[in-house]
Structure formats: C-alpha cells, structure tokens
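Colleague: Please walk me through how to read this model, one feature at a time.

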Amino acid sequence: MARSKKNVIHTRIKLFKYISSIVFLVLLIRLYDLQVNDKENLKLQGLRQRSTEINLSSKRGIIYDRNLIPMTNIEKTKTLIASKGEILKNEELLDKIVKNTSLSINELNIILNSPEKLAYIPLKKVIDIEDANNIFILDIVDRYSKSNLLSHVIGYVNKAENKGEYGIEKIYDEFLSKSDKASLFIEYDKRRSLILGSAYHVDNTIDSEDPAGVQLTIDSKIQQIVEEILDKNNIKGAVIVSEVSSGEILSLVSRPNFDQDNIADYFNKDDMALYNKAIQVSYPPGSIFKIVVLLAILEENPTYLNHQFYCNGYENINSLTIKCNSTHGHISLKDGFAKSCNSVFIQIGKEIGSKKIIDMAKTLGLGEKINIGLIEEVEGSLPEGEELLGPAIGNISIGQGKIETTPLQISNLLLIIANNGIQKDMTIVQGITTKDGKIIKRYNKNENEMLISNYSAEVVQELLEEVMLTGTARAINLNDIGGAAGKTGSAEGLLRGEETIHGWFAGYYPRKNPKYVITVLVEEANSGSKSAAPVFKNICEEIYRLNY
C-alpha cells in the first residue's frame, strides 16, 4: 500500500515537471517573439509611458484626386514646441514668437494658459532660439490645406480619437486611419527640463500593399477654379461639374466653406457652412423642372414639338392664379421653353396630368438618392397622393410647391440629356488605394441604362441650345469657345425659415459633343439668369483656358 502511494506521488511529480517545462518553453518562445519580432512595438509603448509624443505626420492616409494629386497631407507648418514655462520665463523668446507666429495675441494667450504640458505654436518662419535643448522647431504635416479645398467632400476627423466624422474621412475611416506615422518622443524631468539625449524619432510604417488611401474622381484643378469663382463673387450655394462620358464628378463645391481644423466654431452658427449643399440640402427647382414636363409629353407624343400655345400672362387653375414672366401671346413650344413661359408648361401639365409628370421625374432620378459615394446625400421630395390633385398641377408644372431637388439630382438629369437618354452612374470615388495611390479595389459602378428615347433627348438638346441663343440665358454668349446649352431657373423657397429666391442654371459645355455638365445653385439670388448663369459662363471660360 505504501509502495503504491509512493508511485502515485512520483508520477505526479513527473507530471508537474513535464507541465512546468512546457509552460516555461512557451514563455521563452513568447518572450523571444516579443523581444525580436515585436521589439519596435514594445519600444514604442515604453516611450509613450515615459515620454511626451509629438506627432509629425497627420496619422491618416492620403486622399487623392483623379490624377493622384494629394488632396490631404500636402502642407507643413513650422511649429515651435516647448513647455509653457520655458516660453513665459524667456521674454526675448516670447517677443520673437509674437512677431513670427500666425496666431493673434488672444489665440497665443489661450495656448499659453491651457492645461496642456507643451505649447504648439505655428510660425511663419524659423526663429533663432538660444536653448535648443528645451525648445524644438519642427515641420508638422497638416491634414488639411489652409484653403480647405474640397472640404465638404473630404470631411473632417475627431482629432482626439483620429476618427473620421464626416465625408470621405468617415466613410473610409477603416483604411485612412491605417497609415505611416512619424513621431518625436522627448523626455522631461520633474522640473520640466529636457533630459539630454532623450529625443527619439520613430517611424511606424505600414506595408506598401495595404489599403491606406482613397482616390476620388475629382480634378483638383477644376475644383480650385470653381471654388475661387464662388469665393470671388461671395456666392452661397453649390456647384457640380461632371464628366459627360463617364458620369464622374470633377468638382463639387458648397458655400460657405468651413475650416476643417476648427469644426467646433461652426456648431452654433446658422449659415449652414457644415452642410454639403450639393447633396445634403434640397431646393425647389423652379423652371429647371420644365425639362421633366417636356420629356413627359414628348415620350407620350413625339409630335408635340409642333404644338402652339397662347399666353395671357397668367394661368387660372380653380382658385389659383399663377403669373408668367411676360405676356407672350401666341407662342411655340420651342420659344415657350427658351423664354421659360409658365403658361405653356401649365397648359402642358393640364393636358398630361400630375401623375405622368411625377412618374417621369422618378424615372429621371428625382425624389431618390443618386448614391455617388457620400452618405450625407438626401432624397429631396416629390408630391404624392392628394398633393397631385386639383390646382397642384399649376405648381408641379413649373417646379414649385412640394417639389424639392438637390443640385446633384439636377446634374444627373442633365447628364441623361447630354448622353442622348442614357444614364451614366454618377460617382465621386475611384477606389481604395495603397499609401502610394495604387488602386486596390475600384468603386462599383452600375451599368449604363437607357431611360428616355434618343429622339426625346435630342429635342430637349435643341431646346436647351435655344435658351442660350434667344432665351433667358442669351446674355451669356459662349460661342467663341464652343457654345453651350442649358436652362435657367428661379424658385421661391425657404432658407433658415425665411422666404427667398434661389437661382439655378444647369447645362452642358461645349454645345456639340459636350464634355462637361455644370449645375449652379445660388441661394438668395436675383434670378437664375442674373445670378447663376454668369457663374456657369465663368466656369466654362476657365475650363476652356485650362484645357487650351
């Protein structure tokens, strides 16, 4: 019995030794893995525990335009970095900072009185510093340009969490947050004096084939042209420039603009600067909608182009009276469209009915998202049910009342016309890239789809050309650079709760074999012909100069 008990104890000891050896071996392997394979990460964690980290890069992947021109991470700021005590006790240094920083005195005081250990002060140029051991002047890569080009598309991030909050930054945060990072770690003693020899530069690079960037369809040169035109003319609203052959968006601008580095400044403002008005706000389209009414009647009766009308200067529909912009008398459909005669289109509306007009609007993509790759897009609205009955046909026929569209939807409409009735899938994203801009995965595009007959599209093209030649846009002559075709629109709508006029112009350029569809929406305008059409003309002229 004693012998048996002794054997059991001996077996347990052997088993314990065996298990201990295995555990010890596993720990050794893990320790080797940490020290050899993960040493850089361990070093980084150690530095973060005992040091202050200064980020030299933006910590996010690059957003490129269609030509692989970076739209982010393109500017560097000379930045003085030091403990606040070091700055405040040195009057000579403080005087140099005040003279050479881009900050105001108030902004500088906020930094120097903040609870942060280190002060980061942007400089306009390098300054001489006597004690280089305690003060650094470094080039820090800015995420966004000082002009905030393409801000409403790129969006912005939560800096504290390095997380995309809006636009492309939010949609592709998973990839953009995985990028090369460069940091400087510095160690201070308890007195906040730099420990000599304790500045460590660390680069954390990712694999060259990993997804880490996004390529857009935007042409940065055209984008800059459009933004400068709107800013020069102090215009509030939106502009979209699209490529006719592909449906790709070359420029998308919303105004007013915002500073991507100081988002909190805009939360309590009522100027809607943080809204992307090209896709995120819908407006009554006014006479632009007459294109939809025209297509509805042409698809039902192709010979309707020869129809004649009479304009009394107004139209009565039950108890509703809608004025025209003039008393045109006898007028053809072609002239009625060119002169934007309300009477002509209300008479067409009475003949064809609200339902067929709204059905055509839906066919052309109004009342639903176009889905170009930005999640902020809204659907707009179209009347339905009882909203289609009775005198509502008057407002429906001229693009007022319950009809609201986004500039993006109007761009899609004009692209269909310019492509002879074929819808091209509109996009603003080319695809996901490596950190060097190599496409890894392309954005999925829908196949082309014929939505209206080639004949109807050609008739509308002819009438859009007449608008420029003899109609409401005849003042913006572009014949010397190839001509253009388009439609003006003026619509009453609410803006921040107040009634105002929105001016539209949507068309394509050049007139024959068009390359670009351009949609202009101007808030608080005089009219489409006086406010939006000149912007269209200016953009066409600048694109012409760019290409020639």
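Colleague: Which residues of H12 are buried?

Modeller: Buried means under 20% relative accessible area, exposed means over 50%, and partly exposed is in between (1.4 Å probe, protein chains only). Helices are DSSP runs of H or I with at least four residues, strands are E runs of at least two, and both are numbered from the N terminus. In H12 the buried ones are Asn342, Ser343, Val344, Phe345, Ile346, Ile348, Gly349 and Ile352. Because 8 of the 11 residues of this helix (342-352) are buried, the rest of the structure largely encloses it. Just after H12 comes glycine 353, with a positive phi of about 90°.

Colleague: What should I know about the model itself?

Modeller: This is a predicted model: local features need pLDDT of at least 70, side-chain atom pairs count only at pLDDT 80 or more, and totals for chains, interfaces and linings use all residues. Residues are numbered from 1 along each chain as its sequence is written, and side-chain values use heavy atoms, with hydrogens and water left out.

Colleague: How many helices and strands does the protein chain have?

Modeller: The protein chain has 17 helices and 23 strands, and 51% of its 548 residues count as buried. Contact means heavy atoms within 4.5 Å. Among contacts with a separation of 6 or more, 70% are between residues 24 or more positions apart.

Colleague: Which residues have the most contacts inside the largest nonpolar core?

Modeller: A nonpolar core is a set of buried Ala, Val, Leu, Ile, Met, Phe, Trp, Tyr and Cys residues joined through side-chain atoms within 4.5 Å. Here the largest one has 130 residues, and Ile168, Val241, Ile372, Ile518 and Phe536 have the most contacts inside it. Take isoleucine 168: leaving aside neighbours within four places in sequence, its contacts include Ile63, Val153, Leu216, Leu374 and Val429. Another core, of 12 residues, lies apart from it, with Ala82, Leu93, Leu112 and Ile135 among its members.

Colleague: Is valine 157 buried or exposed?

Modeller: Valine 157 counts as buried because its relative accessibility is 15%. You will find it in strand E6 (residues 156-158). Residues up to four places away aside, valine 157 touches Arg60, Tyr144, Lys163, Gly164, Glu165 and Glu169.

Colleague: Now the sheets. What is the strand order in the open sheet of 5 strands?

Modeller: Two strands pair if DSSP finds at least two bridges between them. The order is E12-E11-E23-E22-E21, with antiparallel pairing. Strand E12 (249-255) and strand E21 (485-495) are the edges, each pairing on one side only. Axes are lines fitted to C-alpha atoms, for helices over the stretch in contact, and angles run from 0 to 180 degrees between N-to-C directions. Neighbouring strands here are turned by 10° against each other on average, direction ignored. Strand E11 (residues 237-243) joins E12 through 6 bridges, and alanine 238 stands opposite serine 254 in E12.

Colleague: Which helix lies across this sheet's strands E11, E12, E22 and E23?

Modeller: That is H15 (residues 407-418), running at about 150° to E23.

Colleague: How many bridges are there between E18 and E19?

Modeller: Strand E18 (residues 429-433) and strand E19 (residues 439-442) pair in the antiparallel sense over 3 bridges. One to look at is isoleucine 432, whose partner in E19 is lysine 441. The hairpin has 5 residues between its strands, and there glycine 437 takes a positive phi near 95°.

Colleague: Which element supplies the largest share of the lining of the second largest cavity?

Modeller: E12 does, with 4 residues. This cavity has a volume of about 30 Å³, and its lining includes His152, Gln223, Leu252 and Arg255.

Key. On a 1 Å grid over the protein atoms alone, a cavity is a set of points where a 1.4 Å probe fits but cannot get out, and a pocket is an open set with protein on both sides within 12 Å along at least five of seven lines; lining residues have an atom within 4 Å of a point. Grid points are joined across faces, edges and corners, and a volume is the space filled by probe spheres set on the points.
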